[in-house]
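Colleague: I have this model open on my screen and would like a quick tour. Can we start once it is in view?

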Amino acid sequence: MAAATEGFARSTQLLPMLSSSASAPSLSSPKDGSRSLSSTQVGTLPRADAPNRRDVANAALPMAASLHVPWKQLQVNVKAGTRSFADRMADRQRDSEVEDAGVFNLTLGSKGKDTFGSSFRKTWSTSKFEGVSPRAADMLKQTEQVQRLFSPAPAPALDVKVKGAAPVVGTPPKSGAKSFKPTARSSLSITKGCRLAQLIESGCIGLVRSSYFEDCMLHNRPVTMRQLIPNSFMWRGDEAVNLWWKHGKCFLMVVSYSWLSRDHPDPNQLHLRKLVRILEEYKKIWNIHEVAVIMDYCSLWQKGARTDTRTSEQKEQFNIGLRELNVAYAHKAITSVKLTEVPSNDPRKYEDRGWTLMEEILCDSKGGDWNRWTFGEFDSDSMQWTDSVVFFMQAKSAKLRPPLTPQKFAIELESRRQRVRQFDLPLFVNEKDNEEVPCLYEDIYVQLIHSTKLSYENADWSDEEALFCLEVVANCDRLERLSLANNRINVKAATEIARLIPSLPSLKYLNLSGNPLCQESQATDLVRLVWSREAKPMRSLIM
């Protein structure tokens, strides 16, 4: 403070002398590197009583008529006080080093000396984030809020504990044992954060690299069960989920096919040859070098042909993964491929099996586009389709199966059972599947009716198929958009649509264009009347 007072006194004594020489003419700059001040410049120097004055330190200007002032002697400190620029830079460097260490160092006094004896240090501490600055803690809280918004809510998980296995991401490991139980709900639209993603990360469901099927084709051997697939041909769980979250349906594919023997699904490589060609065109169309494939025989731990060689952990993973693997067929961010061809000498066709009925309905019920394909009989070595887009367009289903309620699914399942029984064939090879498959379908049906958008354009549905779909739509209390364009829907289905509109409060968009009902004034007037009476936007009704 003494130095600051002395500098301030010298500056106040200097100002009257400068003002008395205001009429002195300005001279050219001298040879000694000093700088001359004109009367105008001198007159603009700050006064001692100015409200925003600046202290002039170390300024000993000679009382000469020329007013030649060496530039080094005119040092103006921006901040109050007499601390030099070097001292301030040293303090700034010291503070930055302390902040990098996660500790805030508050030093009082000048020239690095503590006025109160010692430094006052305060460690960043919040209720949840220890050792993190408040600004970083706020950013972490915002990130958690975003994750909660775009992640499904946790559900009561299966009480399954597997010893010696890696924990599910987001589940804290418990003492003594680690658990594979999923902590999130199933979802037909969310990728990272859903139950399927958690089971992929934990290893309950394995994703096979597309290069594995190419390797089997190259060495002329059928695919093997998961236990015998080298780890180099399996995707690491966390890596696969990140790629799935980034690329969606372009990265992940699920295959629906018929098992051609009791112990092996494809002993003669009928499905393998087609799958390799499909994967080749699939990678071309999306410009991806390697993709992931879900195939039940290769993705779940299988029991051996003669004895069950699985460990207890693998059995638990199989039971958990089997219940969720079928969700992949209805997930809009997964491409589903149906291989419907079976050998000519096999009496059980693709349409005569119970598992394929559920898989076919789930594939056709999913939302989105370019994510479901049906391949029947075709020569995998043929060069008929040189373009990848043309190759997949010929595999687009001409007619989709409508979604069914669990009651209608049970009726359809029983109809198939009666049909194959005439040929003395079982609907399921495993008798337990007669009760398991309806339960699995009902679980996925619950996810379907929670959808906010359903699109079944160009499904080639008549009134009968449309009524099956409308039975499901009647339970979709969250549905916001429904598109049934370019079908064969007529007055009968239009009447049912008009009846359902009041029971769907969230529905804001309805597309019925391209249907025969658009040519019937009675049907269109009825739908428009009910739509307007429910105060829904008329521009969102397309007919």
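Modeller: The charged end of Arg481 sits over the ring of Tyr509, 4.0 Å from its centre. A charge counts as over a ring if NZ of Lys or CZ of Arg is within 6 Å of the ring centre and within 35 degrees of the ring normal. This is a predicted model, where local features need pLDDT of at least 70, side-chain atom pairs count only at pLDDT 80 or more, and totals for chains, interfaces and linings use all residues. Residues are numbered from 1 along each chain as its sequence is written, and side-chain values use heavy atoms, with hydrogens and water left out.

Colleague: Over the ring of which residue does the charged end of Arg226 sit?

Modeller: The geometry is again a charge over a ring, with the end of Arg226 3.9 Å from the ring centre. The ring belongs to Trp301.

Colleague: How are the planes of Tyr456 and Trp461 arranged in their aromatic pair?

Modeller: Rings of Phe, Tyr and Trp (its six-membered ring) pair if their centres lie within 6.5 Å, with planes under 30 degrees apart called stacked, over 60 edge-to-face and the rest tilted. The structure holds 16 aromatic pairs. In this one the centres are 5.1 Å apart and the planes 35° apart, so the pair is tilted.

Colleague: Are Tyr456 and Trp461 buried or exposed?

Modeller: Buried means under 20% relative accessible area, exposed over 50%, and partly exposed in between (1.4 Å probe, protein chains only). Tyr456 and Trp461 are both buried.

Colleague: How many residues does the largest nonpolar core have?

Modeller: Such a core is a set of buried Ala, Val, Leu, Ile, Met, Phe, Trp, Tyr and Cys residues joined through side-chain atoms within 4.5 Å. Trp244, Phe409, Leu484 and Leu510 have the most contacts (heavy atoms within 4.5 Å) inside the largest one. Its count is 77 residues.

Colleague: Which helix gives the largest share of this core?

Modeller: Helices (H or I, at least four residues) and strands (E, at least two) are DSSP runs, numbered from the N terminus. Six residues of the core come from residues 433-448. That helix is α15.

Colleague: Where is confidence lowest in the protein?

Modeller: pLDDT is the predictor's confidence in each residue, from 0 to 100. The protein averages 77, and 69% of the residues score at least 70. Confidence is highest in strand β11 (residues 292-294), at 97. The lowest mean, 38, is in strand β7 (residues 161-162).
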